[in-house]
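Okay, everyone, thanks for coming. Let me put the chain up on the screen, and then I'll walk you through a few things.

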Amino acid sequence: MGRITSFADLIGIIKDKASQGKAALVSSNPKGKSLSFHLSVLRATTHDPSTPPGYRHLNVLLSAGTGSRATAASAVEAVMERLHTTGDACVALKSLIIVHHIVKHGRFILQDQLSVFPASGGRNYLKLSGFRDEKSPLMWELSSWVRWYGLYLEHLLSTSRVMGFFVSSTSSTTHKDEYEDMVSSLTNTDLLRELDALVGLLQEACKIPDIPSCGGGKPLADKIIRLVGEDYVSSVNELYTRLNEFKERSNTLSFGDRVELVCALKRLESRKERLSEIWCGNWKRSWLDKFWSLVSEVKGVIGGLEDAYEQIEKTIVGIGRREKGYESARFSDRLVIGYGDDTVSFSSGRFSNVGRFNYPVEHCVVQTTLNVL
């Protein structure tokens, strides 16, 4: 428990104790057994900015993946209810960290329930673009983290939908050889779609806010940076596999495919410096140098499309000005969890057939533009 520095901190502690006491009393009743997940969520999402969710409470929630579908649904519902009903930035961030842990470490049955919540209609539980906590300067700074993290996780889930498995999940059962065979069997269109999705995920990761300057929120920020950094590693690995495949196919790519590929690589390279600033110190430099070298190599193999890229880029800008919400429209057909009130769910069959490999993905901008041209 962090040090009490304000009246708001005291109120937060009182709320935590009252909520946990009430939940403990109800969950002790056999008829209220499902509320044990609710109690774990409350204990993992206190108002204290200095303590990220504890692994003991996270493991209780992850254990829901070993039970029935109804058990998994109860755990996910408890997390989403906490996220929906709070106006506290610390509680919201911790709830989002739990969501991220489910994506990364949850079993498929738990991940699947996360992807289809709510079951019918209802509000979008990650729609946090308007989140504001004005109780203190620290909470105001952390509010920007809530808005960005919620949007990042939506991108992570939508990327997982494009890829057919949960990006950066540790529950993979697919061997390397099998995975490479699967990638090599994809059409150029599917490969470009996955490449674009991965690049988009990295672009969103680059929008991460600065570490809170008011003090107190750094432990939460550090936890999130580590989780997103692991996604970055997975994304780079996914991109590496697909770029190697494109290199092998370079002589058979159509002009349109080449233009889309150059566009995606341009977007990726535009984030190279920012990615290095945030995460480069966490992994071997040689590993990243090898990746960026491959990016340059593929661009060299494709070659001669700079003018075409400029033309496509101008067309994209023109379409964006003519059509309101172009980005949202471009994104909506592959959301795991919709940006509006309608929910779009994963195809459980596709997930179970493909399995999971420990890497992430993103989506490409130019597919519809080429049709216009």
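So, C263: at 5% relative accessibility, this cysteine counts as buried, where buried means under 20% relative accessible area, exposed over 50% and partly exposed in between, with a 1.4 Å probe and protein chains only. C206 goes down as buried too, because its relative accessibility is 7%. And if you're wondering about disulfides, meaning a pair of cysteine sulfur atoms within 2.5 Å, a search of the whole structure turns up zero.

A word on where this comes from: it's a predicted model, so local features need pLDDT of at least 70, side-chain atom pairs count only at pLDDT 80 or more, and totals for chains, interfaces and linings use all residues. Residues are numbered from 1 along each chain as its sequence is written, and side-chain values use heavy atoms, with hydrogens and water left out.

Zooming out, the chain has 373 residues, and 53% of them count as buried. You get 17 helices and zero strands; those are DSSP runs, H or I of at least four residues for helices, E of at least two for strands, numbered from the N terminus.

Now contacts, which means heavy atoms within 4.5 Å. Among those in the chain with a separation of 6 or more, 83% are between residues 24 or more positions apart.

On the α2 side, F37, S40, V41, R43 and A44 meet H57, V60 and L61 in α3.
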